Amino acid sequence: DAAAGHRRHHTRDPELHGTVTMIIHHAHPRQHPVSMRGFSMLEVLIAVLVFSLGMIGLAGLMIFAIQSNHVAYLRTQATFLAHNMAARMGANPAALWEGDFANVTLLAPGTGITTSWAAGCSPADLATHDIQAWSQQVNTFLPAAKGTITCGTTGLSTTPAGTQVDMRPPYGGSCTMKLSWNEAKSATGTPQLHTFEWVFQP
């Protein structure tokens, strides 16, 4: 029966009497349905959306890291400039006792150094030079900077005077330094003022 996948084959064997009938079976491979599944447009759009959200988040992290590095840089500069001025003041105790650092205000940007050493200098001249040099540095490294320094001897029972000051005794009072600057990510952005305040003894 060819329809059933069989075929009869007749042959004669000389040594056997009669006819030998063989049935040959033809094996047909089983037909398995092939399941083919592709990506629908909706799945592609969802994948693109998830990827886009991930990239936006990564970009936000990079911007935050850059801004954090900039803020850290500005605060490091402020700390360095504060210690620099404290060292200048500590090297000039006579000017401290005489009140040359009693009320210091950061000079405006562009203010130059006007002191001259042609005929030597006094402690007050050196203090003026240090204030001008410090103001230039602060205005260079800190955007929209403002600063003040106040020093006083409140609480001291005695203070040196006259020839005692000329002997350069260490300053016994205390000073307060305040620095503020703009930490905004751009010069035209919303100001983000940060203030550094330090109480120290030069």
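Trainee: So which handedness does the link of Cys151 and Cys175 have?
Mentor: Right-handed, with 110° about the S-S bond. Bear in mind that this is a predicted model: local features need pLDDT of at least 70, side-chain atom pairs count only at pLDDT 80 or more, and totals for chains, interfaces and linings use all residues. Numbering runs from 1 along each chain as its sequence is written, and side-chain values use heavy atoms, with hydrogens and water left out.

Trainee: How far apart are the sulfur atoms of Cys151 and Cys175?
Mentor: They sit 2.1 Å apart, and a disulfide here is a pair of cysteine sulfur atoms within 2.5 Å. The pair links distant parts of the chain, 24 residues apart: Cys151 is in strand β4 (residues 146-152) and Cys175 in strand β5 (residues 174-182). Strands are DSSP runs of E, at least two residues, and helices are runs of H or I, at least four, numbered from the N terminus.

Trainee: Is Cys151 buried or exposed?
Mentor: Buried, and so is Cys175. Buried means under 20% relative accessible area, exposed over 50%, partly exposed in between (1.4 Å probe, protein chains only). Cys121 is partly exposed, at 45%.

Trainee: Switching topic, which residues have the most contacts inside the largest nonpolar core?
Mentor: Met89, Phe101 and Trp134, in a core of 30 residues. Such a core is a set of buried Ala, Val, Leu, Ile, Met, Phe, Trp, Tyr and Cys residues joined through side-chain atoms within 4.5 Å.

Trainee: And where does the largest share come from?
Mentor: From α1, with 7 residues.
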